Every structure is written in C-alpha cells, then in structure tokens.
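Please look through the sequence and the model below before reading on.

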Amino acid sequence: MSEPILEVEDLRVAYGRVQAVRGVSFTVPEGGLVALVGANGAGKSSVLAAVSGLMRPAGGRVRFDGEDVTRRPAHRRIAAGLVLVPEGRQILGTLTVAENLALGAHRRRRQAAPESEMYDLFPVLAERRALPAGSLSGGEQQMLAIARAMIARPRVVLLDEPSMGLAPKMVDEVFAVIEKIRASGVTVVLVEQNARRALRAADTGHVLETGEIAHSGPASELLQDPRVVKAYLGVE
Amino acid sequence: MLQQLANGVFAGSIYALFAIGFTLVFGVLRHLNLAHPAVFTAGAFVGIEVAARTAIPVWILLPVVALFGALAGVLVERIAFRPLRGRDDEHFAGLISSVALGGIVIALLQARYGTEPQSFAMDYFPDRLFEVAGVRVTLTQLVTLGLALVLMVGLAWLVSATPLGRSMRAVAENPTAAKVLGVNVGRVTAGTYALSSALGTVAGALLALNLGQAGRDLGASIELVGFAVIILGGLGSLWGAMAAGVVLGIAEALTIHLFDSTWKSMVAFALLFAVLVLRPRGLFGHVKVREV
C-alpha cells in the first residue's frame, strides 16, 4: 500500500485534568475507510477534534500528507483538504442552505466543486437551497453537513457520528452516501457508536476503550472477534 | 415642532452610529465592550488634533479617524478580551476589563490634552445655515445625517452580502461550526472590533464637529443614552439600533419641546425601563432559534 495520507501518533487529548485520549496511534491509507468505534466517552470524538484542529492535543503528532499539522489552525487544515463533519451536525440554522454550502467551499475556492454538483448528489437540498438551514429535518441537516464538507473536495473527510439521532431509514441513506464518498476515491475516517454498521462499511477498524485502542484489525475480522462481538456488537 | 423633530433626527443619527458599533460586537462575539464610549471620545480628540495639525478637509479627516478607530478596536480586543478567552467567566471578566481599559484611555487622553475641552478651529468647517420649509438646518447636521445613513446602509450590506459578513454571521450563530468550516475566527474577531470602533470614532468626531469641541466626558454624555438605544433596538440587532437611535433622538427633542430640557434624560430611561419590562428582547430583537 502507498504512503498513509493520515498518521496519528501517540495522540493525547485532555480536558483540564481529565485525559480523554491516552496515546492513540493509527494510520489511514489513501482511499481507505477506517472506522473508530467504541462506547460513549471512549474518546473517539476527541481524536477527531484533535485531528481536525478544533482542539489542541496535549501530546502526540498528527501528520497529513507527509506534513506535521499538529499545531496548524483548523482553517489551514481545511485548505489542505482535511475536512471534518462534526458531531451534532453543527449546521448554521439562520443561514440558508446555499450559504452553508458556500461557507463549506470558501477555504478551498480553487478545488471546490460547483454548488450544482452537491444538489445533484443531495437532491433534497436543491429544493431547499434558499431556506434557512434550521428549517430542515434532522436527516436533511446531516446531508447538508456532509455536503458542506464534500463541496470542498476534501482529500480526507472525518465523519463524527453521522448516524446519531437519525431514523433507521435515514441511517441507511447516510451509509449509502458514505459508500459513494469512498467510491469517489476520498479517504474516510468514520467515528460511530453504531459499531456494526461502521465496521461493515470499513476496511480497517479500531476499537477505543477509555481513551486507548483496545483492538485493531481488518474490519471483517473485528466483526468476528468474540471479544468485540460481546462488548460492542451484541446479538443481532 | 418640525424644527424639534429635525433636531431629534440629527441627534438620533449620532446615537445610532454609536449604538451600531457597540451592538455589532455583541451580536457577533457576545462581548459587551464597555470601552466603546472611551474609544468614541478618543475619536473626537484625534479628529480635532489631526484637523489642527494638518488642516486636511473633513472628507479626508473622517477616514483618517476611522482608520485610527479600526486600529484602536483591534487593540481593545487584544488587551481587554483575548487574554481572558476560554475562561468560564470570560464574558463577565471581559466586561470588567473593558471598563478598566476605557478608564485608561480617558486617562491617556487627559494626559495628552489636559482637562480643558479641545476645539476645532472656528474656520475649520465653515458652517452654512439652510432653511427648508421653515426648518433651519446646518451643513454640519446634513453631513452628519448623510454620513450616518451611508455608514449604516454600508454596514448592513457588508454583513448581509460579503464573505466577511457571512463569516461574521457564522461566528455569531455558532463559533464551533464556524471553526469547523474553516472560518478564521481570530480574523473575524479582529475585523468585527475594527468595524465597531471605526464607527464609534467617526461618531465621536462627528459629534465634536457638531458641537465645535470635545471634552473628556463626551463619551460619558452619550454612553447611557447609547445603551438605552441598544436595548430599545434589541441587543445585537443592527436595524434595531439604527431605528431606536432615531426614535430616541426624536423622543428627546419632543420632550424638550413639550416640557423642558431637564426632562430629556428621563424620557430615554423611561423608554428603556418600559422596554425591559414589556418587551425584553427589544423593539426589533427576535428570539433566536438555536440548534441544540
């Protein structure tokens, strides 16, 4: 396999005295789909916050495309093509759908996709482009959050709990979109509490427990691993 | 009567200019910048000094004052607010530290200019008197009103239609989301303060131009009325501040007309009180629909 596009090395994240991430290391190959799964509070979202630049890590390194970006501000990582779809969607409710998309593109104007391409990919957004994003349903807002990241034509997209709080049918749609994204060659890091769905979509999986990686391996093997099945997958 | 209305509109346009600068910072960053009146006063003194030293005409003088204001605004944020960022009490602490910074600015003005009011030269901006339909207005008043309108419409355009404005609205609604989208929050913060203080200093210079002079208490004299305007219009609402500025200006003028000038301040604060009790979000403020 080629050089990894994203390397996380001994990453530590702390909130005050509480250590949320305690030395996590993993790599993501270009074009791959890596899933980080684990219980609520295991530190999955904190890993993404540090990788995307929303939080300063307490220690460790993040390398993107061969360059150390650990101390770079979020907007410069986005400009380089490392884009986060945050937990809880974080769409801007008083701005219109179109304005949300325009903000998603503004750091990568040269590479960005035309807005119409996102409307082709997410037809539901096309009908609502002039409406305040806050008027969309939860599922539609999640689509907007993903579209807002994809319009920047990222090289790596970090998805934080994209299926959280959605109806089962919308969860299916979100995972269909994730399939499309990876089929288009974009590298994906997927954080999910829905471990089974995430591991089915991924090539590689890492299971986080209290801020550390407890199990790693090809996703198909983790799906069979009795320890993982018992703790995170349960009986289907 | 008509004359009083006109006077009210002129005074109100200065109130509005003062208020939109203050309310802009609150609307975007949730900071209550109580150094704003001191910056306003500084704008008046700087205007007077630059006019005396260089004799540049007023349409160059005001942009120079605005530039000074923009720099001052960036400094206010750096000194009074940025060091407190991330603390639990950051908003309250910022409010207090901005009061302190405002005091320092006034003390510096006193150190440089002394305690006596400073004046524009008599012939700096030769005033002319017009009479329209029995209402007497001065050229200075017309310039003030015109400029206030241009600046307010310009600011509204900037916020609604430019990339900086879009970023400002993004930060106003959800700073985390703005950061996720790659908005350079530091730059938007600096830009917001620069705009706010540029408007504040120009308002100060305009008031000094109307009065012919400025004392250290120029900002203090407008401060409370300015805050009444901001509450009346709805904290964070630009259009509200503009409309409320004029409403208050007219209300004051009518009070003078109907009673006498000692009742002037009472009207401002009675209005403020009534709004706080009856409609706490202000005349034009709206309840925000927030994402959970």
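At what angle do helix α6 and helix α8 of chain B pack, and how many Å apart are their axes? This is a predicted model, in which local features need pLDDT of at least 70 and side-chain atom pairs count only at pLDDT 80 or more, while totals for chains, interfaces and linings use all residues. Residues are numbered from 1 along each chain as its sequence is written, and chains are lettered from A and ligands numbered from 1 in the order in which they are written.

The two helices pack at an angle of about 105°, with axes 10 Å apart, and α6(B) and α8(B) are therefore roughly perpendicular to each other (a term for angles of 65 to 115 degrees). The residues that meet, with C-beta atoms placed from the backbone and lying within 7 Å, are set out here.

| Helix | Span | Residues that meet |
|---|---|---|
| α6(B) | residues 163-173 | L164(B), S167(B), M168(B), V171(B) |
| α8(B) | residues 185-211 | V185(B), V188(B), G191(B), T192(B) |

By class, this contact of α6(B) with α8(B) has five nonpolar, three polar and no charged residues.

Helix α2 of chain B covers residues 36-54 and reaches 26 Å from its first C-alpha to its last, close to the 27 Å expected at 1.5 Å a residue. In α2(B), 14 of the 19 residues are buried, a residue being buried if 20 or more other C-beta atoms lie within 10 Å of its own. Just after α2(B), A55(B) takes a positive phi of about 55°.

Chain B as a whole has eleven helices and four strands, and 49% of its 292 residues count as buried.

Methods:
The expected span of a helix is 1.5 Å times one less than its number of residues. A residue is buried if 20 or more other C-beta atoms lie within 10 Å of its own, exposed if 12 or fewer, and partly exposed in between; C-beta atoms are placed from the backbone. Axes are lines fitted to C-alpha atoms, for helices over the stretch in contact, and angles run from 0 to 180 degrees between N-to-C directions. Angles under 35 degrees count as roughly parallel, over 145 as roughly antiparallel, 65 to 115 as roughly perpendicular and the rest as oblique. Two residues are in contact if their C-beta atoms, placed from the backbone, lie within 7 Å. Ala, Val, Leu, Ile, Met, Phe, Trp, Tyr, Cys and Pro count as nonpolar, Asp, Glu, Lys and Arg as charged, and the others, Gly among them, as polar.
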